[in-house]
Amino acid sequence: MEETGVAMSEKTDTTSSRDSASMESTMERLSHLENLYFPRAQQSSALLPSQRKSILQDLYSRDVPVFLERYGSLLTLEELKEFDTLSDDYEINWHLNHLRSLINPTSLDLKSRSAKVKNRRRAYMDKLMFDGKFFSEDAMRDREPYLHHEFVGKFQDQSGRRMARPGERWSETLIRRAEEALLVEKIRREQQRLGVDEREWVGNERQQEEQEEEEEEEEEEEEMEEGNDGDANVNGKMHQREVLPDDKGNLVNAQSSEATSILSTEEMEDRMDQFTHVMQQKFLAGEDDEHFNYLSIDEDETLDDHWMKEANYDAEEKYFADV
């Protein structure tokens, strides 16, 4: 019996020694990593690997859960096994399970993470909508000029975008006009790429009208010279360029109204809503990575609070609606 006890004691000592050596190796590896996080109070004393290793060992001996919270994402699956002897502690066990799900996720973990990411992005999008800048019409047009043109731009008066705005300095107007010219050029390039009829290219409307007017004037001059009922033809041409009232009493150019569709306020709002929805879906799909660090959004746990409030609010509304 005594021999058995001695053997078990030796085995325990060997295992403990091996675990200690493994942990020593883990600390050594971590201490040589670049940009390793340390609290501000310890940063001045964590310049050398030996100093960092000492700080890591001290934290591990004092507070394993905090150690895992700070550095667990830097550990391998094999290194996480070194903490299994401490998994009876609820907090440590939670960290170990969480870290393993990140390193080697199950299908359930992936599904849960996907739902969490979607909720966090939607929560962040709600904040952007409330702020009113990123999803304003001008901001969305800057990001997707052709898409804006197809949904609403081609039904708007383009000349208004070049006009000076109240309280705007002349230098600001010039800068805005230059920016507008760049956006128009982007739209035209996309129209060219997609094989859109040149007559429908943005910016060609006025050129087409001027060309038609020039052709009409040339025809009038020729007819006047030939003496073939010039007066009657001139009157006919002038009539085509008359300003006439539309069905709502608004004065429009009779010629240009044929080329440009007139939408009601409700129809324009509906198309604007459609455009905004498309832009929102692009954001949720991660296509605005030029403007946002999606990783920071997806990992932001504070956004869960926003989503929980929304979920609770929806649940309350449903409850009172059913009462």
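**Entry 1, ground rules.** I am working with a predicted model, in which local features need pLDDT of at least 70 and side-chain atom pairs count only at pLDDT 80 or more, while totals for chains, interfaces and linings use all residues. Residues are numbered from 1 along each chain as its sequence is written, and side-chain values use heavy atoms, with hydrogens and water left out.

I looked up helices α4 (64–71) and α6 (90–103), where a helix is a DSSP run of H or I with at least four residues, numbered from the N terminus. They pack at an angle of about 20°, with axes 9 Å apart; axes are lines fitted to C-alpha atoms over the stretch in contact, and angles run from 0 to 180 degrees between N-to-C directions. The two are therefore roughly parallel, a label for angles under 35 degrees. In contact, meaning heavy atoms within 4.5 Å, V64, P65, L68 and E69 of α4 meet E91, I92, H95, L96 and L99 of α6.

On the α7 side I noted R121, R122, Y124, M125, L128 and M129, which meet T276, Q280, F283 and L284 in α14.

Note on methods: Angles under 35 degrees count as roughly parallel, over 145 as roughly antiparallel, 65 to 115 as roughly perpendicular and the rest as oblique.
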